[in-house]
2 protein chains.
Amino acid sequence: MEKISVSKATLGRIPTYLNYLRELSPEKVPYISATTISKELNLGEVQVRKDLAVVSGAGRPRLGYETEVLIEQLEDCLGRNKMTYAVLVGTGRLGRALLQYDGFEHFGVKITAAFDCNEQVINLDSKTEILPMNQFDSFCKEHKINIGIITVGEGSAQQVCDQMVKSGITAIWNFAPCKLHVPGSVLLQNENLALSLAHLRNRLSHAQETPNEKI
Amino acid sequence: MEKISVSKATLGRIPTYLNYLRELSPEKVPYISATTISKELNLGEVQVRKDLAVVSGAGRPRLGYETEVLIEQLEDCLGRNKMTYAVLVGTGRLGRALLQYDGFEHFGVKITAAFDCNEQVINLDSKTEILPMNQFDSFCKEHKINIGIITVGEGSAQQVCDQMVKSGITAIWNFAPCKLHVPGSVLLQNENLALSLAHLRNRLSHAQETPNEKI
């Protein structure tokens, strides 16, 4: 099967599939079809088919998916069997909010340490260690860090980004509201919260201007 | 022109279009084409065409868009001429990070007040007023609040959501990692940060498994 990247929407449904499949006993239900899953979970069959096709390929004709294998593939997809390690730079309010959040590990990512150039926050009370920037490079190399999270301001984001690339980080999650430049080999994902809120505002004004036409 | 909802990606490019168009003098450049804009901004022409079609319709054959009108329509899209008011419930780290962020107003949304049931945080030093929950209903009705932002934990999110709906809020931006139930007339947008990070991890593991095949 050619492996293709899983969309955010599909990823979001995987925990639901897993909860359901784990409740089945694979000895009693060795195979399961997308049709059954969609009925049991009250989800659209086309959607379930597409999700499972991305994660596990086509399934066997008339049999469906081997339950145990499907569970493993869904778990792999969430990275549960192979933790990926991340560091965060910038321990302002947003940075600390992310450090405090403990939902990342359910999706296979652990924030190993945070860094800040402000010496006053170093070693403050936090469940994650906060280190000074001069330890960044050696820490990332030693701990084989793959993901860098940028929660500094716009002014220093590119500098932090360059430092991450130099230290071997290959995927960057950027919260600074600016365009970052990375080499082609590095994945960049921008998280613009203002844009998300703007999108909601826009949907709202659209809904207000075009009320239900059937009424 | 039939008005359709503008995608988040398109919204994100609108400030770029606006910056460029505002630098032109509408007297000297009364009309501008999607082709010109895409060349000047080094963006794909198909993308620019689609973006402008959503915001402003098709443009005039051989002339393009009336520059001044296009600027106005793009500004409307960002809500710059009509501020929408929001309140936030839950002033933990994430809530405070959002309150501190001043980029929302550029996209036409102002967080007017924040609410918390913890009396210790009420009236703490914050540029936005933090009020107790018993003032929520009267505040929202008096200030005609349209958007509610939920940054409380999973346990109380549905209760806060119900309160918002009761107080006339018609769009909810939910950061709690749970499924909320709202009436059909209320817009719900979930922001699952763990899922965003999981998506990046997934893209990363996919990139590692299928390195550039040309090499």
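Here is a short chat about a predicted model with chains A and B.

Visitor: Before we start, what kind of model is this?
Guide: This is a predicted model, where local features need pLDDT of at least 70, side-chain atom pairs count only at pLDDT 80 or more, and totals for chains, interfaces and linings use all residues. Residues are numbered from 1 along each chain as its sequence is written, and chains are lettered from A and ligands numbered from 1 in the order in which they are written.

Visitor: OK, how many residues does each chain put into the contact?
Guide: Chain A gives 49 residues and chain B gives 49 residues, with contact meaning that C-beta atoms, placed from the backbone, lie within 7 Å.

Visitor: And which element gives the largest share on chain A's side?
Guide: That's H8(A), with 16 residues; helices here are DSSP runs of H or I with at least four residues, strands are E runs of at least two, and both are numbered from the N terminus.

Visitor: Why do the copies meet through the same surface?
Guide: Because 100% of the interface residues of chain A are interface residues in chain B too.

Visitor: New topic: is strand S3 of chain B buried or exposed?
Guide: Five of its six residues, in the stretch 84–89, are buried, so S3(B) is largely enclosed by the rest of the structure. Buried means 20 or more other C-beta atoms within 10 Å of the residue's own, all placed from the backbone.

Visitor: Which strands does S3(B) pair with?
Guide: S3(B) runs parallel to S4(B) over six bridges and parallel to S6(B) over four; pairing takes at least two DSSP bridges.

Key:
Contact = placed C-beta atoms within 7 Å. Buried ≥ 20, exposed ≤ 12 C-beta atoms within 10 Å, placed from the backbone.
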